[in-house]
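Dear colleague,

Please find below the sequence and structure that I am handing over to you. My notes on the findings follow directly after them.

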Amino acid sequence: MSTDKETKIEICCLLENSERCKRVSGNASFNFRVQKLVEQRKLKFSLDQNARHRYICDFHKNIIKKARNKRKRKDSDEENESPEVELSQLQIATLRRYKRYYRIPTRPGMSKSQLIESISKHFKGISVPEKETITYFIYMVKTQRSKFDQHPIDAA
Ligand SMILES: [Zn+2]
């Protein structure tokens, strides 16, 4: 019976700049898929050939996770050019305000989903001058004002 080697705290199996990582390993392992990702991303660490296990520390796990997310995000950006805005996350009062502001023709007594439908059509059609909008937005936040509240378009 000699289990003392297994119960001993294991150290991350990775080499960074040819030096063995000194952090304690967690339950994430350096499998083939991770290894491939590390090579693709040209991350500066590799498996220590002397390591008796393939478990990695949380620090390295997070780096790998980040690298993986980066790739995912880039792929989806290429798929759809405009970012998707979840209008359904907005409150119905907000949607109505949007509708009023842009004078979007709607039938009375529309349900939320119908409202979202006509608003999203309009929303996708508007072009935004990025620089002015951001500048204006920051100004509004700093002064804690809202144009909508100060000049109601129509007080319904
Ligand atoms: Zn490590």
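In these notes, buried means under 20% relative accessible area, exposed means over 50%, and partly exposed lies in between (1.4 Å probe, protein chains only). The model is predicted, so local features need pLDDT of at least 70 and side-chain atom pairs count only at pLDDT 80 or more, while totals for chains, interfaces and linings use all residues. Residues are numbered from 1 along each chain as its sequence is written, and side-chain values use heavy atoms, with hydrogens and water left out.

Aromatic residues

Rings of Phe, Tyr and Trp (its six-membered ring) pair if their centres lie within 6.5 Å; planes under 30 degrees apart count as stacked, over 60 as edge-to-face and the rest as tilted. The count by this rule is 3 aromatic pairs. In one of them, Tyr 98 and Tyr 102 are tilted, at 4.9 Å centre to centre with 50 degrees between the planes. The ring centres of Tyr 101 and Tyr 102 are 5.0 Å apart and their planes stand at 85 degrees, so this pair is edge-to-face. Tyr 98 is buried at a relative accessible area of 17%, whereas Tyr 102 is partly exposed at 37% and Tyr 101 partly exposed at 27%.

Zinc site

Donors are N, O and S atoms within 2.8 Å of the metal (3.2 Å for Na, K and Ca); water is not among the atoms, so sites may look incomplete. The zinc ion has Cys 12 (SG), Cys 21 (SG), Cys 57 (SG) and His 60 (ND1) as its protein donors, 1.9 to 2.4 Å away. The 4 donor atoms subtend angles of 100 to 118 degrees, which makes the arrangement tetrahedral (four donors, all angles between 85 and 135 degrees). Cys 12 and His 60 are both buried.

Nonpolar cores

A nonpolar core is a set of buried Ala, Val, Leu, Ile, Met, Phe, Trp, Tyr and Cys residues joined through side-chain atoms within 4.5 Å. The largest has 16 residues, and among those touching the most other members are Cys 12, Cys 13, Phe 30 and Ile 64. Helix H2 (32-40) is one of the elements giving two or more residues to this core; helices (H or I, at least four residues) and strands (E, at least two) are DSSP runs, numbered from the N terminus. H2 supplies the largest share, 3 residues. A second, separate core of 8 residues includes Leu 95, Tyr 98, Met 110 and Ile 119.

With kind regards

How values were computed
Tetrahedral: all angles 85-135°; square planar, octahedral: opposite > 155°, others 65-115°.
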